[in-house]
2 protein chains.
Amino acid sequence: MSIKGNVVVGQSGGPTAVINNSLVGVIQEAKEHAEIGDILGMSHGIAGILNQELIDLRQESDQTLARLRNTPASALGTVRYKVTDEDYERILEVFRAYDVRYFFYIGGNDSADTTHKIHLLAASRGYELHAIAVPKTVDNDLAETDHCPGYGSAARFVATAIRDTAYDTAAMGASSPIKFMEVMGRHAGWLTAAAALAKEHPDDAPHLIYMPEHGVTIEQVLEDVKYWYDRLGHCVVAVSEGLRGPNGESLSVRGGAGEVDAFGHERLGGIVEVLEEAVNEAYGLRARYDKPGYLQRSFGSLQSSVDRQEAYEVGRAAVRAALAGESGKMISLIREPGPRYRSTTGLVELDKVANHERMMPTAFINEAGNGVTEAFLAYARPLIGEPLPPYARLAGKLVPKRPSK
Amino acid sequence: MSIKGNVVVGQSGGPTAVINNSLVGVIQEAKEHAEIGDILGMSHGIAGILNQELIDLRQESDQTLARLRNTPASALGTVRYKVTDEDYERILEVFRAYDVRYFFYIGGNDSADTTHKIHLLAASRGYELHAIAVPKTVDNDLAETDHCPGYGSAARFVATAIRDTAYDTAAMGASSPIKFMEVMGRHAGWLTAAAALAKEHPDDAPHLIYMPEHGVTIEQVLEDVKYWYDRLGHCVVAVSEGLRGPNGESLSVRGGAGEVDAFGHERLGGIVEVLEEAVNEAYGLRARYDKPGYLQRSFGSLQSSVDRQEAYEVGRAAVRAALAGESGKMISLIREPGPRYRSTTGLVELDKVANHERMMPTAFINEAGNGVTEAFLAYARPLIGEPLPPYARLAGKLVPKRPSK
C-alpha cells in the first residue's frame, strides 16, 4: 500500500511543444489513485514551492486538459534558477506543510539534479517522499534514455523549416543562393542533425549540417559551401548555435563575450551572421539566414504525434513509479527491437542523469563532420511522427531553343 | 474567337507558400482551351525568356500538379532582375519565335511593371499579345486589389509564430520576459499587423505591434514595453523589419549601411537586435528575439485555405481574361459584401499597379502607433482561413498558503 499524501508537479527549463502532455499525464494518472489527495502545480518551477504559489490542478476542467495537449510551452510556467542549499531545506519544509509525498519534476538535466537532491535530502531526514523526474528537452541530451520528449517535435519543426527555406532558396536561384539556418543546441548537435530528415534525394537540402561535437573552421565551411554551390547553384546549411572550431574555440560574435546565464551556460548565437558575411566576402555570393529561435521548441502546429504521446506516457509512468514506491529515479524511453518503431518507459537512477550531457555519438556524424550518417537517420526518423507531407518539383523538361532574330 | 498560340507563364519576386497554386491554376485553365498550344514555363522568371530556358508544362503529371498546390516557393524558379530596354526587345523576339500570344506573370509590383511594359511594346509593334499579371506578395502592398495572394498564408504563419513564442515567453516568466519578433515588410506593415490575429483576450500577445507606416522612437518602444511588463510580467512585440523613426530615419543596424538590392531597395533588418539591447540596458531585463526570416513567406504547413484557393483562382482567371481578349491588366481580388467572407476576381489596369506600394491606411493603425484597430482585424481575419487551433491556459487557482517552519 502506497503512502497517502499530496502530489506536487512542476515544469522546468526551456519549454517544448509537448511538455504539457507530460503535465496532463501526471494529472490524469494521479486522479486514478485513491492514495493521492491534492494535485498541486508549481507556478514557475521551484520558485512556486519557495514562494508557496501552488495551483490546485484538480480544479482544471477536462476541456482545459484536452486543449493543453495541443498547447506548446509550459502551462505551469517554468524557471531558470540555480537552487541553493538553503532552498532545499525550505523545499522540504513546504513539502511537510502541504503533506507532499509525491514530487514530479518535468525537465532536463538541471531539473534531474534538483529532483535528485530533494530525494536525497528527504531520505536523509527520514521524510517519506517519492521524487521522480520526467524527461523533457528539445536538446535530446539526457543520458540513459533512448531519446527525450520534446525532441521529436522540435526535430519535426527543424526538418520542416529547413525543407521550406530550401525550396525558397532554390527558387531564388542566383539572387541569393546560400542559406544558413541557425538551430538550437548549445553543446549537442541532435536538433541540428534533425535537419537531415528533410532530405529525400542526395541533392536535397540540407546540403551541409554542422554540429558542435565536430569542430570546424570557417575556411572548411566556405569550401563545403562552394562545392555544393558549384554543383547545384545553391546551398542550404543547418548550423548549430553552438558550433565551435576544431579546438573548441568560439566562432560566433557573441560566444566570445562571455555572457552567461544563471547556470553559467554561455549565451551563444551569432554564428550565422559570421558565416553569411564570410560567404559574401569570399565569393561575392548573397548569403541569407533564418534564426527561428524559440519557434523551434514551442511550435504547436508541428507536434510530432509520436513525441506527443510519449510525453504523455512518461507523465503517467512517473506517477505509477512513485506509487510503486520508487524515488530518486527518472522515467526513460526505451526503444523496442523490431522493424516498426515502438517505445516503452523505463526507470533510471537520477545520479546517472543529473548534470550529464549526452552528445551525438561518432557513429551518427559523417567523417567530414558536415553531415549525418544513415544510422542517425534510422534513429531519428520515427521520432518526428508521420513523414513530412510530399512536395513536388517540376520535371522541368526544356523545349528546344528556337532561332530568334 | 481568340487567337491561337502558345502560353508563357512565369513567377517573379519573393516566393510565397501558395504561389504554385497560381501556376497550377494557369496550367489547368490553359489546358481547357483549344486555342492554346504549348504551355511554357519561364525558368527563373524573365531570365528564362532571355536565355530561352522554357519548360514544357504540358508534360508535368497530374500528381505533380496536385502536390505543387501544397509545395511552397516558386516551382519555376524566380528572379530579382531589373529588366532593361534591350531586354524588352529581346523578350518580344523570343515571343515571336515561340508564337507566344498569352503571357502570364505571377508576381508583385515590379512584375506588374514588367508585364505592363511588355504589353505596351507588343501593342506598339502590332504584335497581338495578351499579357496579364497575376498578383502575388506576402507584403500585401499591391494597389487596386482587396488583398494579395500569399498574404493570408504568411499572415497565418506570423500569427501562429507570435502566439507560440508568446506562450513560451509567458512560461519563462522572469527568466526572459521580453520577446521581439522581426516580421517581413520593407515599407508596408500588413504582415507585421497580422500578428494581432493571435490575440483573443486584451492581455494576449502581441502586446505591441510596430509598423513602418507609423514612425516610432526607441524611447517610445521602451516606455510601451515597460507598461506591459509592469502589467503582466512579460511583453511580446511584433516589429517590422522596416521600422523607422518619426522622421523616416532608420532605427536598425544595417539600414544605415546603404546596402541595396538589384531594384535599389535598401536591405533592412537588425531592428530587433537594437531593441533587445535597448531593453537590456534600460531595464536590466532579459530580452530575446526571433527572426523567422524566409519561413514567413514559404511555410507550406501553414497555408491558409482561403489564400490557397484564391491563389489558384487568380491563375485561372488570368487565362480566362486573356482568352477574352484582355491585355495590360492584373487580376484583382474583390471582397463581396455580406456577413460571410467571399471574394471574386476582377481586372485592373496595370499602370495603376505597376511600381505603386499600398500602405496600411490610417484607419487600420491605432492612434499610439503601437497596435492595430478592429477595422484591420475584420479585414485580415478571414484571409488566414480557419481560426487558429484553440490553446488552453490553466485556470490556475492557487491553494491557500500554509504555515511552514
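## Close-up views of a predicted two-chain model

**View 1. Helix H4 of chain A and the residue that follows.** Just after H4(A), A:Asp99 adopts a positive phi of about 50 degrees. This and every other view here comes from a predicted model. The helix itself passes a simple length check: with 13 residues at 1.5 Å a residue, H4(A) should span 18 Å, and its end C-alpha atoms are 19 Å apart, which agrees. Look along H4(A) for its buried residues, which are A:Asp87, A:Tyr88, A:Ile91, A:Leu92, A:Glu93, A:Val94 and A:Phe95. What lies over them? The cover for the buried residues of H4(A) includes strand E1 (5–11), helix H2 (46–50), strand E4 (100–107) and helix H5 (109–124), which belong to chain A.

**View 2. Helix H9 of chain B, covered from both chains.** H9(B) runs over residues 271–283, and its 13 residues at 1.5 Å a residue should span 18 Å; the end C-alpha atoms are 18 Å apart, in agreement. Buried in H9(B) are B:Ile271, B:Val272, B:Glu273, B:Leu275, B:Glu276, B:Ala278 and B:Val279. Which elements cover these buried residues of H9(B)? From chain A, the cover includes helix H9 (271–283) and strand E9 (287–290). From chain B, strand E6 (178–183), helix H8 (218–232), strand E8 (235–240) and strand E9 (287–290) are among the covering elements. Just past the end of H9(B), B:Gly284 has a positive phi of about 65 degrees.

**View 3. The interface of chain A and chain B.** Chain A and chain B each bring 86 residues to the contact. About 7000 Å² is buried between the two chains, and carbon and sulfur atoms give 56% of that area. On the side of chain A, the residues that lose the most area to chain B are A:Tyr294, A:Leu394 and A:Arg402, together 10% of what that side buries.

View 4. How many salt bridges does the rule find between chain A and chain B? There are four across this interface. For a close look at a salt bridge, find the side chains of B:Arg402 and A:Asp38, where the N to O distance is 3.7 Å. Several elements of chain A give two or more residues to the side that touches chain B, including strand E2 (36–42), strand E3 (54–56) and helix H3 (62–68). H6(A) supplies the largest share of that side, ten residues. Sorted by class, the side of chain A that touches chain B holds 38 nonpolar, 22 polar and 26 charged residues.

**View 5. B:His116 in helix H5 of chain B.** B:His116 sits in helix H5, residues 109–124 of chain B. Is B:His116 buried or exposed? With a relative accessible area of 14%, B:His116 falls under the 20% cut-off and is therefore buried. Setting aside residues up to four places away in sequence, B:His116 touches B:Leu350 and B:Asp351.

**View 6. B:Pro135 in strand E5 of chain B.** Strand E5 of chain B, residues 130–135, contains B:Pro135. This proline is buried, and its relative accessible area is 0%. Which residues are in contact with B:Pro135, apart from neighbours within four places in sequence? They are B:Gly107, B:Leu142, B:Pro149, B:Val314, B:Met330 and B:Ile331. For a handy distance to check, the C-alpha atoms of B:Pro135 and B:His147 are 9.1 Å apart, with the two residues twelve places apart along the chain.

Key:
Residues are numbered from 1 along each chain as its sequence is written. Chains are lettered from A and ligands numbered from 1 in the order in which they are written. This is a predicted model: local features need pLDDT of at least 70, side-chain atom pairs count only at pLDDT 80 or more; totals for chains, interfaces and linings use all residues. Side-chain values use heavy atoms; hydrogens and water are left out. Helices (H or I, at least four residues) and strands (E, at least two) are DSSP runs, numbered from the N terminus. The expected span of a helix is 1.5 Å times one less than its number of residues. Buried means under 20% relative accessible area, exposed over 50%, partly exposed in between (1.4 Å probe, protein chains only). Contact means heavy atoms within 4.5 Å. Buried area is the accessible area (1.4 Å probe) that two parts lose on being put together, summed over both. Ala, Val, Leu, Ile, Met, Phe, Trp, Tyr, Cys and Pro count as nonpolar, Asp, Glu, Lys and Arg as charged, and the others, Gly among them, as polar.
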